[in-house]
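Open the model in your viewer and get ready to click around. We'll go stop by stop, and at each one you'll hear what to select and what is there.

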Amino acid sequence: MVLSAIIPLVVLMSATMTGPMIFQRPTDRLILEELQDAQNLGANVAEAIDRHRKTVTTRLRQLEDYGLVNNVGRGVYAITEKGEVVLENFDDYEPNNTDAFTEIVEEELSDRRKE
């Protein structure tokens, strides 16, 4: 009985915590590439990249938590400036060194904002 009261709290905390960007390759890259040209429905993105709709929906939510995409309403997503920077530097991403990748992305964003 006590355990059932704890589980929802743990899930809520993990859903709202921020941490390192951990990508599911190649799915996350394909999603960002698909949104690079225009905003789109998650279902359309799933079809375009040949992935299951639920997988894409889950990944879009995670990418939104990272600040890489925005849900602009009714399931329509758009890539953010940070998402564009991540996409441009995706080849430098190493799952065992997420701090270095985050640093690359933050430096690039800072440089863009100075221009």
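This is a predicted model: local features need pLDDT of at least 70, side-chain atom pairs count only at pLDDT 80 or more; totals for chains, interfaces and linings use all residues.

Residues are numbered from 1 along each chain as its sequence is written, and side-chain values use heavy atoms, with hydrogens and water left out.

**Stop 1: the whole chain**

Show the chain as a cartoon. Helices here are DSSP runs of H or I with at least four residues, strands are runs of E with at least two, and both are numbered from the N terminus. Of the 115 residues, 30% count as buried; buried means under 20% relative accessible area, exposed means over 50%, and partly exposed is in between, using a 1.4 Å probe on protein chains only.

**Stop 2: a cis peptide bond**

Next, select Arg 25 and Pro 26. The peptide bond from Arg 25 to Pro 26 is cis, with omega near 0°. Pro 26 sits in the loop between α1 (2-16) and α2 (27-37).

**Stop 3: α2 against α3**

Now pick α2 and α3. Two packed helices are described by the angle between their axes and the distance between the axes. The axes of α2 and α3 come within 10 Å and cross at roughly 115°. That makes α2 roughly perpendicular to α3. Axes are lines fitted to C-alpha atoms, for helices over the stretch in contact, and angles run from 0 to 180 degrees between N-to-C directions. As for the labels, under 35 degrees is roughly parallel, over 145 roughly antiparallel, 65 to 115 roughly perpendicular, and the rest oblique.

Which residues of α2 and α3 meet? Show Thr 27, Leu 30, Ile 31, Glu 34 and Leu 35 in α2, then Val 45, Ala 48 and Ile 49 in α3. Contact means heavy atoms within 4.5 Å.

**Stop 4: α3 against α4**

On the α3 side, the contact is made by Gly 42, Ala 43, Val 45, Ala 46 and Ile 49, and on the α4 side by Arg 53, Val 56 and Leu 60.

**Stop 5: two positive phi values**

Go to Asp 50, in the loop between α3 and α4. Its phi is near 60°, a positive value in a residue other than glycine. Is Asp 50 buried or exposed? Asp 50 counts as exposed, because its relative accessibility is 66%.

Then jump to Arg 74, in the loop between β2 (69-73) and β3 (76-79). Arg 74 is a residue other than glycine with a positive phi, near 55°. Arg 74 is exposed, with a relative accessible area of 83%.

**Stop 6: Asn 89**

Last, select Asn 89 in the loop between α5 (81-88) and α6 (98-114). Its relative accessibility is 15%, so Asn 89 counts as buried. Follow the Asn 89 side chain: it reaches the backbone oxygen of Val 85 at 2.8 Å. Leaving aside neighbours within four places in sequence, Asn 89 is in contact with Phe 101, Ile 104 and Glu 108.

Terms used. A polar contact is a pair of N or O atoms within 3.5 Å; within protein, one must be able to donate a hydrogen and the other to accept it, and residues adjacent in sequence count only if both atoms are side-chain atoms.
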